[in-house]
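Please walk through this model step by step, from its core to its charged side chains and its backbone.

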Amino acid sequence: MPKGRVEAFSDGVIAILITIMVLELHTPRDTTWAALRADIPVLLAYVLSFVNLGIYWNNHHHMLAAVSRVNGTVLWANLHLLFWLSLIPFTTAWMSENSFPPAPVGAYGVVLLAAGVAYFVVQAMLLRVEGRTSMLALAVGRDVKGKISPLLYCLGVGLSFVNRWLALAVYVAVALMWLIPDRRLERRISAAAERPE
């Protein structure tokens, strides 16, 4: 079946999640820069979560651009991914509005871990539909970042009960690792578009 509805639905859900997060930000009562000081942790958590959702949106877009079709299994795997992404606003608010205690910081990491695993499952289902010699398979290759990320998230979850700031540093490091765009899919898609028919 065509992939257009999966792309459109996923784009819409991620846009709504970002909107929900920004609506959770409360306007300070005072109009001075000092009034923002108390909200800095909430704003930083928002930035981290915004970046994470943006990374998923960007990579999801590139992944679907590299395939020609989807099936019912891909649709369910994609819903699974969107379920975990939909928990990011909740865990962001729980963590940041309570000054980053261990349990919410750990829960945030569990949601990031589950979303990473769910993304891997979507990718695997698409590879099953497209085949091991497809553009997606060639672009993904060994997927080192995709394999390292869950391990780092597990480390972050464990660290959240030892030192919450180290846990958050791990979550930021994973986001920074993915913030640098992965050019493999773009190169494959561009090469395929330039190839004469």
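What follows is a short tour of a predicted model.

Start with the core. The largest nonpolar core holds 52 residues. Leu53, Leu85, Leu126, Leu136 and Tyr171 have the most contacts inside it. Two or more residues come from each of helix 1 (4–23), helix 2 (40–65), helix 3 (72–86), helix 4 (88–96), helix 5 (102–130), helix 6 (135–140), helix 7 (144–159) and helix 8 (164–179). Helix 5 gives the most, with twelve residues.

Tyr171 is then in contact with Leu48, Val105, Gly106, Tyr108, Gly109, Leu112, Tyr153, Gly156, Val157 and Ser160.

Now turn to charge. Side chains of opposite charge can pair when their charged atoms come close. How many salt bridges does a search of the whole structure find? The search finds one. The side chains of Arg69 and Glu130 form a salt bridge, at 3.4 Å from N to O. Arg69 sits in the loop between helix 2 and helix 3, and Glu130 sits in helix 5, so the pair ties together parts that are 61 residues apart in sequence. Is each partner buried or exposed? Arg69 has 37% relative accessibility, so it counts as partly exposed. Glu130 has 17%, so it counts as buried.

Lys3 is another charged residue to look at. Lys3 lies in the segment before helix 1. Lys3 is buried, yet has no salt bridge. The nearest side chain of opposite charge is Glu7, 4.7 Å away. A salt bridge needs a nitrogen-to-oxygen approach within 4 Å. What does Lys3 touch, leaving aside neighbours within four places in sequence? Lys3 is in contact with Leu64, Ala65, Val67, Ser68 and Val70.

Finally, check the backbone. Most residues other than glycine have a negative phi. Phe100 has a positive phi, near 60°. Phe100 lies in the loop between helix 4 and helix 5. Its relative accessibility is 7%, so Phe100 counts as buried. Asp143 also has a positive phi, near 55°. Asp143 is found in the loop between helix 6 and helix 7. At 8% relative accessibility, Asp143 counts as buried.

Terms used: Residues numbered from 1 in each chain as written. Predicted model: local features only at pLDDT ≥ 70, side-chain atom pairs only at ≥ 80, totals over all residues. Heavy atoms only, no water. Helix = DSSP H or I, 4+ residues; strand = E, 2+ residues; numbered from the N terminus. Buried < 20%, exposed > 50% of the residue type's maximum accessible area, 1.4 Å probe, protein only. Lys, Arg positive; Asp, Glu negative; His and termini not counted. Contact = heavy atoms within 4.5 Å. Core = buried A, V, L, I, M, F, W, Y, C linked by side-chain atoms within 4.5 Å.
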